[in-house]
Amino acid sequence: MGAGGRTFDTAHVISATWHEKHVRPMADDDSFLRRGIGEVLSRWGGLQMAVKNQWGGHDSLKKSKELAHHLYLLFSQSNVITLEEIENLLHESLLLSFNTEIEDGSIEEVAEQLMILHEEHMRGTH
């Protein structure tokens, strides 16, 4: 990994209380898809640790909301999305926005949860 970057192992978990106070799904659209994306990201310890510790700077919370919005746009504008595309988006976002590289397998787990969410959204089952 490059200089100044972080490698994160989710041995540390943010409390649900902190998360409920500081991170909320986007409220401007109460759709199933937006809420689902927000919920998946809110349970991702690596992202929440990056936000809490402001690894992306003072606007870390804004950057996490931007990630949720990018996922929403991807899911709402395309019917065909691969797991690899989601993994790449998550990895790239953490690296570029938070200068963080997560190597604990959580990116793949979060991508799988998001893929299931997208498939449910496409089927209209929620």
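In this predicted model, the largest nonpolar core holds 28 residues, and those touching the most other members are Ile 37, Leu 41, Trp 44, Leu 71, Ile 86, Leu 90 and Leu 114. At least two residues of this core come from each of α2 (32-42), α3 (45-52), α4 (60-77), α5 (83-98) and α6 (106-123). The greatest contribution is that of α6, which gives 6 residues.

When neighbours within four places in sequence are left aside, Leu 90 is in contact with Trp 44, Leu 67, Leu 71, Ile 107, Val 110, Ala 111 and Leu 114.

The overall architecture may be described next. The protein has 6 helices and 2 strands, and their order along the sequence is β-α-α-α-α-α-β-α. Of its 126 residues, 41% are buried. Among contacts between residues at least 6 apart in sequence, 73% join residues that lie at least 24 apart. The accessible surface amounts to about 7100 Å², and carbon and sulfur atoms account for 48% of that area.

The table lists the residues concerned.

| Helix | Buried residues |
|---|---|
| α2 | Phe 32, Leu 33, Arg 34, Gly 36, Ile 37, Gly 38, Val 40, Leu 41, Ser 42 |
| α3 | Gly 45, Gly 46, Leu 47, Gln 48, Met 49, Ala 50, Val 51 |

The buried set of α2 includes Arg 34. Ile 37 and Leu 41, also buried in α2, are among the core residues that touch the most other members.

Helix α3 also packs against α4. The angle between the two is about 145°, and their axes are 8 Å apart. In passing α4, α3 makes a right-handed crossing. On the α3 side the contact is formed by Leu 47, Ala 50 and Val 51, and on the α4 side by Ser 60, Leu 61, Ser 64 and Leu 67.

Just after α3, the backbone at Gln 54 adopts a positive phi of about 55°.

Methods:
Residues are numbered from 1 along each chain as its sequence is written. This is a predicted model: local features need pLDDT of at least 70, side-chain atom pairs count only at pLDDT 80 or more; totals for chains, interfaces and linings use all residues. Side-chain values use heavy atoms; hydrogens and water are left out. A nonpolar core is a set of buried Ala, Val, Leu, Ile, Met, Phe, Trp, Tyr and Cys residues joined through side-chain atoms within 4.5 Å. Buried means under 20% relative accessible area, exposed over 50%, partly exposed in between (1.4 Å probe, protein chains only). Helices (H or I, at least four residues) and strands (E, at least two) are DSSP runs, numbered from the N terminus. Contact means heavy atoms within 4.5 Å. Axes are lines fitted to C-alpha atoms, for helices over the stretch in contact, and angles run from 0 to 180 degrees between N-to-C directions. A crossing is left-handed if the near helix is turned anticlockwise from the far one by less than a right angle, and right-handed if clockwise. Accessible areas come from the Shrake-Rupley method with a 1.4 Å probe; for residues, only the protein chains shown count as cover.
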